[in-house]
Amino acid sequence: MITFSIAIVLLVCGYLFYGKYIEKVFAPDYSRVTPALAHPDGVDYMPLPVWKVFMIQFLNIAGTGPIFGAIMGAKFGPSAYLWIVLGCIFAGAVHDYLSGMLSIRHDGAGLPEIIGKYLGQRTKKVMLVFTVFLMVMVGAVFVYSPALILGSLTPFLGGDSVYIWCGIIFVYYLIATMLPIDKIIGKIYPVFAIAIIFMAVALCVVLVGKCPSLPELYTDGVMSDAFNGKTIFPALFITIACGAISGFHATQSPLMARCLTNEKLGRPVFYGSMITEGIVALIWATISMYFFYGGGAADLGQPLTLQAPEVVTAVSEGWLGTFGGILALLGVVAAPITSGDTALRSARLIVAEFVHLDQKPIAKRLYICVPMFLATMALLWFNIANPDGFGVIWSYFGWANQTLSVFTLWAITVYLVRNKRNYMVSLLPAILMTGVSASYLLVAHLLPAMGIAAGEWSGHVIGLIVAVVAMVLFAVWRKSEAKN
């Protein structure tokens, strides 16, 4: 528990000190009129109280990442602590804050617009397709995973309970994506956020009371995944995404950038919600280390082979009883559902921004939503119809998610260079994630699945080469930029 305690303190200190420094690097203008005040439209651009914006942002970015990702990442032992803490403070929170603030500065622009402005129009077009496809994948993945948990809670629905819940969640997605942001998202999302925080705090209290023997960084050092034989690089950096850094977050920050009333609120909303998510990830990673390495599975009478959703169910019901377990599970269910619908909402706005289609009339929202939801349903059907459909989609989602963070970080770096700010704060995580994404294509056997032969070491070497090439290209560009 010592490593866990230190990690929590470091995350809080990261917000108080490094978060303040990042805010100073960006230099928010407190007198600048934000998009929410400049042209509220009653649908997406709408001033909201800062506490609501924080809760919605936290819920939007949470998804299953800080829970399921942390559970799977806990199999790497104390290595998970290092990535969550360092990744969250120096990469994820920086990524979320600066992408959100750039959206505010560019009149609430979506991620492809921001990337296009700083990385070029060709890159913008590629990222438009890439981002919308990622949002559709998020919608499909985040229908199926909560439906599995809800299905386990409603056995009276019979063998088709998962399919029934998939249908219910999908109908909710359509309604939430279409309605103005204050109708559903602004009213019930803060409640769901409180449920997630309650779940994490309650489980943490039980964990501290048990005071279990856990792997510690100072005794066990960094560990590879002993269960699946995966090495730390790059698997850990993809497995724990939302709890450390996630490109998906940069698609959600513009949603809240359109609701903030002052730039000074950016740090608590964008940087602060990422730190909060990191704390949730730390709690679940620690619980899972106890489950996998500290005898927790035996205490609950469960096998070590449980998958992440099953670990959530077993721990929540075993530690908090029936009522507390249901509340905790609802928190876990709310996170992916709310991230799924805001992902599709973000996709609607990105497409509308690209084709210059006004989203105030509901009919014009339908023009975009109908084909987008048909594509999501197709992916969902593939997910359900194939035995390993979820695993295939999740693998590609994990890679696409972190690849999106690469483009976002490089766009942020270009902005900082051009505005004569300390660009190293985004350059270093950009280089790291460039190598991770390139390596993961080979090491995770995504390319071998297409018939392209690759091995673990070749993947590492290629990842390193790609990162070095990116550094060289950046140095050349910066030199040219300085001359101009």
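Let's start with Ile89, which sits in helix H5, the stretch covering residues 79–105. This is a predicted model, and in it Ile89 has a relative accessibility of 6%, so it counts as buried. Anything under 20% gets that label.

Who are its contacts? Leaving out residues up to four places away in sequence, Ile89 touches Leu10, Leu11, Gly14, Tyr18, Val94, Tyr271 and Ile275. Ala62 is 27 residues from Ile89 along the chain, and the C-alpha atoms of these two are separated by 16 Å.

## Helix H3

Ala62 also turns up in helix H3, which runs over residues 50–62, where it is one of the buried residues.

## The loop between H1 and H2

Next, have a look at the loop that links helix H1 (2–26) and helix H2 (35–38), which is where Ala27 lies. Ala27 has a positive phi of about 60°, although it is not a glycine. With a relative accessible area of 37%, Ala27 is partly exposed.

Thr34 is found in the loop between H1 and H2 too. Is Thr34 buried or exposed? Its relative accessible area is 1%, so Thr34 is buried. Not counting residues up to four places away in sequence, Thr34 touches Ile104, Leu260, Thr261, Asn262 and Glu263.

## Another positive phi, and a cis bond

Asp107 is another residue other than glycine with a positive phi, this one near 60°. You'll find Asp107 in the loop between H5 and helix H6 (111–119). It is partly exposed, with a relative accessible area of 41%.

Which two residues are joined by a cis peptide bond? They are Phe233 and Pro234, and omega is about 0° there. Pro234 has its place in helix H11, residues 232–239.

Helix H8 covers residues 161–178, which makes 18 residues. At 1.5 Å a residue H8 should span 26 Å, and its end C-alpha atoms are 26 Å apart, so expectation and model agree. Buried residues in H8 include Ser161, Val162, Cys166, Ile169, Phe170 and Tyr173. Tyr172, Ala176, Thr177 and Met178 are buried in H8 as well.

H8 packs with helix H7 (residues 121–153) at an angle of about 135°, and their axes are 8 Å apart. That angle makes H7 oblique to H8. The crossing of these two helices is right-handed. On the H7 side, the contact is made by Gly139, Phe142, Val143, Tyr144, Pro146, Ala147, Leu148, Leu150 and Gly151. On the H8 side, the contact residues are Ser161, Val162, Trp165, Cys166, Ile169, Phe170 and Tyr173. Sorted by type, the residues of the H7 and H8 contact divide into 13 nonpolar, 3 polar and no charged.

## Helices H9 and H13

Here is another pair to follow by eye. Helix H9 (residues 185–210) and helix H13 (residues 266–293) pack at an angle of about 40°, with 10 Å between their axes. That makes H9 oblique to H13. H9 passes H13 in a left-handed crossing.

Which residues of H9 meet H13? They are Met199, Ala200, Leu203, Cys204, Leu207 and Lys210, and they meet Val280, Ile283, Trp284, Thr286, Ile287 and Tyr290 in H13. The residues of this contact divide into 10 nonpolar, 1 polar and 1 charged. As background, an α-helix has 3.6 residues a turn, so residues three or four places apart point the same way.

## A last stop in helix H15

Finish at Ser339, in helix H15, which spans residues 308–355. Its relative accessibility is 0%, so Ser339 counts as buried. Where does His249 come in? The C-alpha atoms of Ser339 and His249 are separated by 9.8 Å, while the two residues are 90 residues apart along the chain.

Definitions and conventions
Residues numbered from 1 in each chain as written. Predicted model: local features only at pLDDT ≥ 70, side-chain atom pairs only at ≥ 80, totals over all residues. Heavy atoms only, no water. Helix = DSSP H or I, 4+ residues; strand = E, 2+ residues; numbered from the N terminus. Buried < 20%, exposed > 50% of the residue type's maximum accessible area, 1.4 Å probe, protein only. Contact = heavy atoms within 4.5 Å. Expected span 1.5 Å × (residues − 1). Axes fitted to C-alpha atoms, helices over the stretch in contact; angles between N-to-C directions. Parallel < 35°, antiparallel > 145°, perpendicular 65-115°, else oblique. Left-handed = near helix turned anticlockwise from the far one by under 90°. Nonpolar A, V, L, I, M, F, W, Y, C, P; charged D, E, K, R; others polar.
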